Amino acid sequence: MPTQRSLSTRRGPSTPQKPRTRKRGAVLTAAALLGTATAAAGPATGATAAPNPPAPTRATAQNTPDCSAAYRITQKLDGGTTWRMCWRYDTDAGLTLDRITYQPPGATAPIKVLNSARLAQIHVPYDDGGAEYDDLTGAGFGYGLQNLKPAECPGGTLTTVKVAEVGDVKGLCTTTRTRGHAYRMASDNGSKVWQAQAKDLLVYTVNKVGWYEYITEWRFTADGTIGANVGATGSLSPVDYNATDGRGWPIGKGARGYATSHAHNVFWKLDFGLDGSTKDRIEQFDSAVTAPTGGGGPTVKTTRTVVTKELAGDAKNMRWWRVVSGTGKNADGHARSYEIVPGHTDTHAGRGFTKHDVYFTQSRACEKFASNNIGNCAAGAGDSVDKWVNGETLTQPSVWVNIGFHHIARDEDQQPMPVHWQGFQLAPRDVTAMNPLTPADLASQNGQPDLGS
Ligand SMILES: [Cu+2]
């Protein structure tokens with residue numbers, strides 16, 4: 001492993017931490033910071049929040065997230081579902097969402113889902129081995145929070161974020177966006193159609209790191225799903241146009257301007273607390289398909305494995321994981337859970353921490369970032385998530401999701417570069433006894449329908 005990775009120093013923009021091999025866009029980052037400070041001098045219309053949220057106030061009501069008003073996000077969506085959460089901003093992790101609850105229509109109280117959710121690293125190794133960045137803890141991601149124009153947050157609210165050593169940045173957008181059908185079902189005789197059009201809650205920021213700009217987006221739907229995505233845009237790195245060694249793609253005229261291929265390995269850290277349980281359980285499901293041997297069709301056998309010890313998990317066809325509440329059950333008596341639904345990923349075998357797609361570690365306060373960790377763990381603990389999978393029994397799991405994108409540039413990447421998204425979903429599994437958006441006249445249709453005699 002390289003030796004220049006800092007385990008404990010927190011950096012400001014004036015004291016950039018040395019990346020593994022070379023600085024990433026230090027000059028542009030400084031310019032961006034100056035621009036940020038200038039732009040922040042204009043009138044602020046959003047709520048202004050302190051850099052460090054005050055000590056959590058005691059919730060005065062069951063439905064109030066445990067944070068002060070300036071840090072609270074509450075959104076009731078079409079269909080009657082309400083999402084509540086607290087936001088805060090960390091100069092390393094960026095946007096962090098805490099105490100996320102979901103209240104489906106008809107529920108008398110919010111259901112606790114996540115204690116905390118945030119990015120845990122964006123690791124960018126170039127294919128020629130010449131550069132490798134940890135954008136969150138090694139390249140100033142958090143300090144690069146961008147001011148957003150109202151047009152970038154259509155229909156929503158822009159909130160001013162106080163970024164330490166940078167100043168006020170009108171950088172947090174909270175808005176809703178239409179998605180299309182939530183569901184559709186025609187009656188047996190076709191005379192009636194039940195349908196609903198969905199509107200999601202979106203919470204996002206944009207952070208500039210060198211020449212790249214990353215959109216950190218969280219999406220919350222009325223049917224209880226959470227989407228986590230990072231969109232990469234901005235510009236290709238202008239100092240990485242030397243790939244005449246076959247590790248790049250010509251984006252200038254003819255055989256010129258070979259942009260060096262690279263990867264964006266994005267990590268998220270999720271700390272569940274489903275139904276307020278501190279004893280969430282991880283389960284892995286695998287399905288094996290057998291081709292037909294006789295006259296029947298192919299058969300499938302699905303196996304459930306309870307993950308009792310820390311695990312570095314590998315995505316596989318017909319494999320999935322869920323986080324099961326230690327206490328909560330829905331009205332059908334089924335344990336409430338959230339399923340991890342990864343989007344497309346290019347798993348990168350270059351480092352121990354990028355080799356696996358999901359990590360379940362026993363929760364530990366110092367284990368904060370998937371690589372180049374700055375959480376002050378004990379000497380010898382290792383500074384990446386793969387090192388923390390060392391056989392401990394999982395009683396309070398932290399979930400780390402790694403979604404990679406191998407970026408072989410194309411002509412269309414200039415200029416600006418179109419947004420490329422990577423991410424995953426958390427889908428509710430048995431959180432409610434039925435579709436939480438079920439219309440009243442279908443509410444009796446739970447379980448096998450009565451087909452008569
Ligand atoms: Cu890229």
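Biologist: How many helices and strands does the protein chain have?

Modeller: Keep in mind that this is a predicted model. The protein chain has 21 strands and two helices.

Biologist: What share of the residues in the protein chain is buried?

Modeller: Burial here comes down to counting neighbours around each residue, with 20 or more other C-beta atoms within 10 Å as the mark of a buried one. Of the 453 residues in the protein chain, 41% are buried.

Biologist: And the contacts: what part of those with a separation of 6 or more joins residues 24 or more positions apart?

Modeller: For this one, you look at how far along the sequence the two partners sit. In the protein chain, 62% of the contacts with a separation of 6 or more are between residues 24 or more positions apart.

Biologist: How should I read confidence, and what pLDDT does the protein chain average?

Modeller: The protein chain averages a pLDDT of 87, and 85% of the residues score at least 70. Over residues 1-23, though, the pLDDT is below 50, and that stretch has 36 contacts in the model beyond near neighbours in sequence. Residues 25-62 also have a pLDDT below 50, with 59 contacts beyond near neighbours in sequence.

Biologist: Where is the place of Gln 415?

Modeller: Look in the loop between strand S20 (397-407) and strand S21 (417-429); Gln 415 sits there. Pro 416 also belongs to the loop between S20 and S21.

Biologist: Why is Met 318 called exposed?

Modeller: Because Met 318 has 11 other C-beta atoms within 10 Å, and the cut-off for exposed is 12 or fewer.

Biologist: What about phi of Asp 430?

Modeller: Asp 430 has a positive phi as well, near 70 degrees, and is a residue other than glycine. Asp 430 lies in the segment after S21. With 19 other C-beta atoms within 10 Å, Asp 430 is partly exposed.

Terms used
Residues numbered from 1 in each chain as written. Predicted model: local features only at pLDDT ≥ 70, side-chain atom pairs only at ≥ 80, totals over all residues. Helix = DSSP H or I, 4+ residues; strand = E, 2+ residues; numbered from the N terminus. Contact = placed C-beta atoms within 7 Å. pLDDT = per-residue confidence, 0-100.
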